[in-house]
Amino acid sequence: MELAIRTEQLTKRCGTRVVVNDISLAVQSGAIFGFLGPNGAGKTTTIAMLLGLVRPSAGWVRLFGIDIPQHATRALQQVGAMIEAPAFYPYLSGYDNLRVMTRAGGLPDSAANHALTLVDLVAHSHALFRTYSQGMRQRLGIAAALLHNPRLIILDEPTNGLDPAGQIEIRGLIRSLAERGHTIFLSSHMLHEVEQLCDQVAILKAGTVMLQGSVHELLHREPQLIVRIAGDQSAAIPLLQAIPWIQRVERHADYLVLTAPLERSAEINTLLVQQAIPVAEIRAREERLEEMFLAVTADRDAP
Amino acid sequence: MINLLRAEWLKMSRRPLTWILLAIFLALFVVQAVSQTALAALLGERPGDTILAVQIAEWRRRVMLPGLFGAVLNHLNSLGAAFVVIFAAGMMGSEYSWGTLRAQLARHPDRTRFLLAKIMAIMLAISAAALFNLVLGLLIGLPLAAAIGSIGEFSFADLLQIPLALLRAVYVLLPYLLLTISWTLLGRSVLAGVAGGLGYLILEAGVGTLAPLQKVWGAGTWGS
């Protein structure tokens with residue numbers, strides 16, 4: 001399958017500080033790719049390098065096989081982007097802001113109308129941008145990214161500042177864009193949003209990709225069971241640790257987490273009951289992206 | 001390039017700053033023309049070549065033909081430079097403060113073409129302002145001149161010189177425009193452009209006052 005984005009050992013240094021370190025991404029065409037990381041992890045710098053706005057110190061970027069920044073003009077014809085906060089002229093209406101872009105890109109004015117319809121902003125299209133709410137600004141930013149019907153859409157925090165209804169609406173829009181064959185590169189802090197929307201994800205920490213892959217595979221890479229003992233769980237721990245196919249036993253306040261095959265939960269139950277340890281509950285643990293994100297981005301050097 | 005120029009023109013023509021600066025620039029011309037003509041009418045014609053007599057004659061000449069054209073061009077090249085600095089710094093610097101430059105470059109990464117389109121659009125706006133000033137000069141100057149006696153004389157040869165003189169006046173403003181754009185790009189702000197441009201204007205005026213020293217030190221060392 002064609003790759004919409006491919007980076008190899010992408011690095012950006014500012015003086016002695018390494019902002020982005022050796023990032024290799026592969027985003028398949030048609031996918032919704034989540035790009036996660038705490039503040040200052042290097043997400044926006046990476047996006048700026050993808051768009052040719054910042055020159056990499058090392059490594060390379062290709063969009064649909066076209067080198068950036070060497071052939072940026074050609075490559076960016078297939079890309080629509082909203083970077084950080086939506087940036088528009090405050091004294092122009094939403095419609096005129098889009099017209100500035102259609103004129104610059106040699107597109108017909110009808111493209112502006114079409115994009116405004118897609119993001120449901122037609123009713124406010126003639127109001128000045130400075131009077132727009134945060135949600136309307138975000139929508140206009142997405143409309144601007146869609147103007148030339150690009151194959152790849154890069155969205156940096158697209159639901160930032162939106163109320164829950166607005167967030168659901170934008171998520172729906174992103175889904176429908178993906179269904180129409182657009183590739184979406186989504187940088188977001190909303191982990192549940194990424195989990196709901198994305199096929200693939202990369203988690204960034206201090207400029208380095210800590211984890212990358214399909215959301216489904218990452219969430220199911222390590223099967224875990226939650227075992228709740230009725231009473232004192234101390235007796236159960238050495239017993240479970242002695243079983244060779246249980247890789248790890250983690251003790252929590254009122255339950256144990258076992259890293260073990262899910263299909264062997266009945267055996268665990270039998271074993272514990274035979275040893276007169278009453279089991280209140282055994283169930284598969286469904287890891288959330290949020291937990292994974294926190295685990296991956298936690299500062300392991302911290303005391 | 002034409003597409004970028006059209007986009008710049010849309011931004012510029014819809015921006016209140018453009019019309020406010022034009023209104024102030026033209027209002028200053030009107031105030032100057034009306035006040036000087038009123039003073040000339042009040043003081044009446046003075047015989048001889050006293051400073052006052054020469055000044056009154058000059059004020060009258062500025063609203064009569066063909067002196068009116070000279071007054072318009074003089075307004076363009078004196079106060080016009082300061083307005084060009086503020087306008088150009090506003091047009092370029094705001095792209096940084098609003099973050100629109102980054103968004104623009106993410107779509108059309110050719111910075112040189114963007115900058116050229118911006119400069120060309122500002123030059124077009126300056127040319128339009130010069131034309132407005134000329135038309136307003138005629139609309140205001142001729143009735144004023146008629147009120148104080150004569151509208152003067154105007155030949156076909158004078159008429160042919162007007163477009164060239166206007167182009168020259170606009171061209172004279174180009175270095176101030178380029179200097180302001182350079183300062184704005186360096187400082188990435190409106191303030192840097194205004195400070196750099198106006199600073200140069202003040203410096204230029206200051207150096208200009210030293211010109212009489214040429215006579216003291218001799219023309220040979222300053223050129224002929």
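Buried area is the accessible area (1.4 Å probe) that two parts lose on being put together, summed over both. The views below show a predicted model, in which local features need pLDDT of at least 70 and side-chain atom pairs count only at pLDDT 80 or more, while totals for chains, interfaces and linings use all residues. Residues are numbered from 1 along each chain as its sequence is written.

**View 1. The interface of chain A and chain B.** The two chains bury about 2300 Å² between them, 62% of it on carbon and sulfur atoms. On the side of chain A, Tyr89(A), Tyr91(A) and Arg103(A) lose the most area to chain B, together 30% of what that side buries. The contact (heavy atoms within 4.5 Å) takes in 26 residues of chain A and 22 residues of chain B.

View 2. One salt bridge (a side-chain nitrogen of Lys or Arg within 4 Å of a carboxyl oxygen of Asp or Glu) is found between chain A and chain B. Asp96(A) pairs with Arg14(B) in a salt bridge, with the closest N and O atoms 2.3 Å apart.

**View 3. The side of chain A that touches chain B.** Helices here are DSSP runs of H or I, at least four residues, numbered from the N terminus. Two or more residues each come from helices H1 (43-50), H2 (72-76), H3 (94-104) and H5 (134-146) of chain A. H3(A) gives the largest share, 6 residues.

**View 4. Confidence.** The mean pLDDT (the predictor's confidence in each residue, from 0 to 100) of chain B is 85, and 95% of its residues reach 70 or more. The model scores ipTM 0.80 and pTM 0.74.

Notes:
Chains are lettered from A and ligands numbered from 1 in the order in which they are written. Side-chain values use heavy atoms; hydrogens and water are left out.
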